[in-house]
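This note is written for a colleague who is meeting the structure for the first time. Please read the points below with the sequence and the model at hand.

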Amino acid sequence: MFGQLFYKKRKFYDDDFDWDNYTADSYHRRLKGDVEVEFRAISKAGQLQFDAATGAVTSQGQPIHPNQCMILEAIGQLAPQTVHEVGCGGGDHLANAATLFPQLQVTGGDRGTSQLDLALQRHPQLAGKIGVQDITMPFSHHWPQVDLVYTQAVVMHIHTAVSHFVALANMVRMAKKYVLLMENPQCHNFVRDIIGLHDAGHFEWDDLHLYQFTGSTGALGILLSREVLDFPPLTSDKQIRENVKPSQRRLRRGDDDSARALFGFSKLG
Ligand SMILES: C[S@@+](CC[C@H](N)C(=O)[O-])C[C@H]1O[C@@H](n2cnc3c(N)ncnc32)[C@H](O)[C@@H]1O
């Protein structure tokens with residue numbers, strides 16, 4: 001009987017949202033009410049500029065969201081030919097990237113069909129470039145292989161079993177050069193989990209270099225690179241949480257998620 005009670009106390013976490021109803025439940029409202037009140041979400045040609053000398057993106061007129069600015073600056077500085085956004089939602093980052101860097105080939109995936117419908121309503125030019133993708137599924141050879149894979153506010157919401165580990169490993173496998181994460185650093189022990197996955201042989205890349213990528217407006221990203229780059233190295237989660245007010249709930253859940261990892265099989269021979 002005590003055993004049964006103990007069993008019932010086991011911890012189970014789910015993803016933060018029901019992704020099938022996410023657009024209707026909250027995303028559409030958040031885009032309109034939070035993002036679009038303060039920031040220009042969709043930029044036309046000429047409204048954004050990338051300065052290669054400083055690495056900064058500037059906006060004419062209304063500002064753009066700092067997180068989007070950081071993503072566009074990373075694209076400008078890393079100069080990939082191809083990018084893929086995992087969890088592209090309404091498609092604004094992808095569409096703005098394609099507008100700012102006209103030579104760039106963009107693709108995006110999302111597990112929510114209503115999010116993808118919203119992306120096509122907002123950006124009809126993304127037709128044929130975005131599709132259904134659950135990044136926590138076993139790797140698919142239909143997914144694009146690109147220079148840079150990025151996310152914004154996706155992995156932070158994934159808490160079902162070991163799915164966020166699978167998502168990270170899949171993104172590395174999709175990327176020829178870089179993975180960029182624009183995520184709340186308290187929602188997972190991103191640095192610890194990434195290093196754990198790499199050390200235990202779960203990543204496609206032999207070499208992994210981890211950097212902190214800071215946008216000109218202060219947004220902070222985690223950059224995984226196959227090659228050595230000239231950015232501040234990232235060695236701990238503490239480093240990227242320095243200016244964040246601690247949320248004990250999130251930090252505890254992140255520790256519980258990390259503890260689900262079972263690493264151990266050593267290379268034989
Ligand atoms: C908070 S929204 C962010 C959307 C977009 N990146 C943005 O910044 O506006 C999270 C998005 O991730 C998608 N998502 C959640 N889990 C996913 C998964 N396992 N694979 C792919 N997309 C996922 C959701 O459907 C949703 O569109």
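This is a predicted model: local features need pLDDT of at least 70, side-chain atom pairs count only at pLDDT 80 or more; totals for chains, interfaces and linings use all residues.

1. Strands β3 and β4 run parallel and are joined by 5 bridges; here histidine 84 has threonine 107 of β4 as its bridge partner. Strands β6 (residues 146-152) and β7 (residues 175-182) also run parallel, with 6 bridges between them, and tyrosine 150 is partnered by leucine 180 in β7.

2. Is β3 largely enclosed or largely open? Because 4 of its 5 residues are buried, strand β3 is largely enclosed by the rest of the structure.

3. The buried residues are Asp92, His93, Leu94, Ala95, Asn96, Ala97 and Thr99. Their packing partners are β1 (48-51), α3 (66-78), β3, β4, α5 and β6.

4. Strand β1, one of those partners, pairs with strand β2 (residues 56-59) in the antiparallel sense over 4 bridges. Leucine 48 has serine 59 of β2 as its bridge partner. The two strands, β1 and β2, form a hairpin with 4 residues between them, and glycine 55 in the turn has a positive phi of about 80°.

5. Helices α6 (residues 163-174) and α7 (residues 190-199) pack at an angle of about 65°, and their axes are 11 Å apart. The crossing of α6 and α7 is right-handed. On the α6 side the contact is made by Phe165, Leu168 and Ala169, which meet Asp193, Ile194 and Leu197 of α7. Sorted by class, the contact of α6 with α7 comprises 5 nonpolar, no polar and 1 charged residues.

6. Which residues come nearest to the ligand? Of the 21 residues around the ligand, these are Gly87, Gly89, Gly112, Gln115 and Ile135. The shell as a whole has 8 nonpolar, 10 polar and 3 charged residues.

7. How exposed is glutamine 212? A residue is buried if 20 or more other C-beta atoms lie within 10 Å of its own, and exposed if 12 or fewer do. Glutamine 212 has 16 C-beta neighbours inside 10 Å and therefore counts as partly exposed.

8. Leaving aside residues up to four places away in sequence, glutamine 212 touches Leu220, Phe231, Pro232, Leu234, Gln239 and Ile240. Lysine 245 is 33 residues from glutamine 212 along the chain, and the C-alpha atoms of these two residues are separated by 19 Å.

Technical notes: Residues are numbered from 1 along each chain as its sequence is written. Axes are lines fitted to C-alpha atoms, for helices over the stretch in contact, and angles run from 0 to 180 degrees between N-to-C directions. A crossing is left-handed if the near helix is turned anticlockwise from the far one by less than a right angle, and right-handed if clockwise. Two residues are in contact if their C-beta atoms, placed from the backbone, lie within 7 Å. Ala, Val, Leu, Ile, Met, Phe, Trp, Tyr, Cys and Pro count as nonpolar, Asp, Glu, Lys and Arg as charged, and the others, Gly among them, as polar. Two strands pair if DSSP finds at least two bridges between them. A residue is near a molecule or strand if its C-beta atom, placed from the backbone, lies within 6 Å of it.
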